[in-house]
2 protein chains.
Amino acid sequence: MAVTTWQLRRLAHENGLVFPPDPGAGEQSQIGGNVATNAGGPHAFKYGVVGRWVTGLEVVLAPGEVVSLGGAIRKDVAGYDVKSLLIGSEGTLGIVTAVALRLLPRPERVIPITAVYRSAEAGCAAIEAVYGAGIQAAALEYLDAGTLTRAGATFPGGLPPASGFLVVAEADGSEAEAERVAGELSEALSEGALTLLRPPPEELWRWRDGVSFAVTGATGAKLSEDVAVPVERLLDIVTATVEVGERHGVQACSWGHAGDGNVHASFLVAPGEPEEAAARAAADELVLGAVALGGTIAAEHGVGSLKAHRLGAQLGPRLLELQSELKHLFDPKGLLNPGKKVGS
Amino acid sequence: MAVTTWQLRRLAHENGLVFPPDPGAGEQSQIGGNVATNAGGPHAFKYGVVGRWVTGLEVVLAPGEVVSLGGAIRKDVAGYDVKSLLIGSEGTLGIVTAVALRLLPRPERVIPITAVYRSAEAGCAAIEAVYGAGIQAAALEYLDAGTLTRAGATFPGGLPPASGFLVVAEADGSEAEAERVAGELSEALSEGALTLLRPPPEELWRWRDGVSFAVTGATGAKLSEDVAVPVERLLDIVTATVEVGERHGVQACSWGHAGDGNVHASFLVAPGEPEEAAARAAADELVLGAVALGGTIAAEHGVGSLKAHRLGAQLGPRLLELQSELKHLFDPKGLLNPGKKVGS
């Protein structure tokens, strides 16, 4: 039976542990899906994505053999790293039937810090300051002006009227360590900030989980895009999201995992054909924009069928060919999730 | 020009940073080699092996095309994870010509703690206590009785006469955090310990780096083996090393990265054919013993040509076949480091 992310998180919690990556939609998303997409989440900034915590996989390979990759071992260079090839392969190379995960002791204390800025420029400068100071935050998130307009009303503690950019950082560890890192974060984030808050963690993350729904609710539908760029290009891609939307006559906003340069862009549409086509064109332009900035067309939500045709733009012809060859090697009859990840 | 591990470490140090994995033999080993073997080291316990810190690779693929895998991005699921396939492939899939690495800010403080026990049983129980308490040590190493006999004389601070097992742990972080973790380590390691010390880090690690030479010097030559098992089987493999040696008439000892279940076994021989054959047979038996314990034939030193014929014992026929198919896909003419990793 499938285990949801939330079930795993609860089980870990009851045993004083955590599953450090925290993919969203925990009640719907399943561990198999987390592995299939190599999912991330806010705390991937400190702890890395799901794949880092997978020590073993049980996989059905075509035409129908069950194999074990890795196990309860922490180092293994026997053979090529087929486990990592399967992680993030979106069900196109084999079917993952069991997963062995590493967990960590739950941190004694978690301190979120939020900082509001007038503009994306000021906010991104603060994010770079956190980086430059080498502060090891557990999470480093952002939400842009358009997102705050649509989802900011329920922000715990409220937002000042001129809020143009929100940074959410988090410190964790022992009591003393979390306080120390929180102090460093407060100092780095205070430059140019309108307000600096320490909201209660549960309230903050519940609000953060609801942002996507609030933004969708504003128009009734949205097309979501997931790209990543080098962190120093964050401002470029945040700005580009709004500009690309304007060019296509579509309202756009973004939020995401700033510390990982990972942007979730939303192109907002009323349900209906013409607008959806415009949003799709805008999303496609943004994806190519991420590649032009040295980034990726897909950071943590997978490639699926919608972006498979843009793989070549990022990888170039030789690596694209290699992808097809790998797909063919594992799945010569093309039976496994056809059309996804690498196209047909 | 090749960059040695030591050059990278110095460059990082000069900039207030560290390259968290610390493969040994830093003056000889090169970054390309570290990536080719997915090397580890003592601090891989907390920080993971080299592959975790590689964000991008420049690789020459057969028949002679230069490609870039990844880059300065921290998340990327565009296509299958070919980067991880190349890492640890021992030069058999492509030639790595450039590497992009993530570094971390240098920890403010490093506190090694050493604990001496009468027996491997007592020492391994202490290691399990560290695990059970969820203490996030930076390193968790061991050296067995036979190793201490040959290399213990120069241990900083000296060793008591009945020393049968040495545990080397390390705490790192901010001043306060390192002290806190060191306190936890001292408590967990004190049960059953003959002595507990805090030697100066430089002296300790310089001694630890020299252990291999000291052991070799005892007889003139040794055959070294590198395997890993689930951590709870550490005592089994430590004991097995000595027993396997006895069965083959070869002196044996071991040390390694206890926290990763990673054992470096040494079979000591005077240079000369008959003894070397016995050592080789002993090493082979140990490798199969690691597999029987749910472990791996190769943890961090690669498979090379000596162990390629044992890959099937660990992987089984289907995965072994897949390894050959992957090799053939990348290198159809078999030109790249032939005979290594997956055999011929």
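Me: Why is Thr92(A) called buried?

Reply: The model is predicted; local features need pLDDT of at least 70, side-chain atom pairs count only at pLDDT 80 or more, and totals for chains, interfaces and linings use all residues. Side-chain values use heavy atoms, with hydrogens and water left out. Buried means under 20% relative accessible area, exposed over 50%, and partly exposed in between (1.4 Å probe, protein chains only). Thr92(A) has a relative accessible area of 0%, so the residue is buried.

Me: Where is Thr92(A) found, and what does Thr92(A) touch?

Reply: Thr92(A) is found in the loop between α4 (82-86) and β4 (95-101) of chain A. Helices (H or I, at least four residues) and strands (E, at least two) are DSSP runs, numbered from the N terminus. With contact meaning heavy atoms within 4.5 Å, and residues up to four places away in sequence not counted, Thr92(A) touches Lys327(A), Asp331(A), Leu336(A), Asn337(A), Lys340(A), Lys341(A) and Tyr80(B). Thr92(A) and Ala36(A) are 56 residues apart along the chain, and their C-alpha atoms are separated by 8.9 Å.

Me: Why does Gln28(B) count as exposed?

Reply: The relative accessible area of Gln28(B) is 58%, and exposed means over 50%, so the term applies. Gln28(B) has its place in the loop between β1 (17-18) and α2 (31-37) of chain B.

Me: What makes the phi of Asn38(A) and of Asn337(B) worth noting?

Reply: Most residues other than glycine have a negative phi. Asn38(A), however, has a positive phi near 50°, and Asn337(B) has one of about 45°. Asn38(A) is in the loop between α2 (31-37) and α3 (44-47) of chain A and counts as buried at 14% relative accessibility. Asn337(B) is in the segment after α11 (311-330) of chain B; at 32% relative accessibility, this residue counts as partly exposed.

Me: Which residues does a cis peptide bond join in chain A and in chain B?

Reply: In chain A, a cis peptide bond joins Ala62(A) and Pro63(A), with omega about 0°. In chain B, such a bond joins Ala62(B) and Pro63(B), with omega about 5°. Pro63(A) is found in the loop between β2 (54-61) and β3 (65-70) of chain A. Most peptide bonds are trans.

Me: How do you know that chain A is as compact as a globular protein of that length?

Reply: Chain A has eleven helices and twelve strands. Its radius of gyration, taken over C-alpha atoms, is 20 Å. The globule rule, 2.2 Å times the number of residues to the power 0.38, gives 20 Å for 344 residues, so chain A is as compact as a globular protein of that length. Buried residues make up 53% of the 344 residues in chain A.

Me: What makes the relation between chain A and chain B that of a two-fold axis?

Reply: Chain B can be laid on chain A with an RMSD of 0.0 Å by a turn of 180° and a shift of 0.0 Å along the axis. That is the relation of a two-fold axis. The copies are superposed by least squares on the C-alpha atoms of residues with pLDDT of at least 70 in both.

Me: How do you know that the copies meet through the same surface?

Reply: Of the interface residues of chain B, 100% are also interface residues in chain A, so the copies meet through the same surface.

Notes: Residues are numbered from 1 along each chain as its sequence is written. Chains are lettered from A and ligands numbered from 1 in the order in which they are written.
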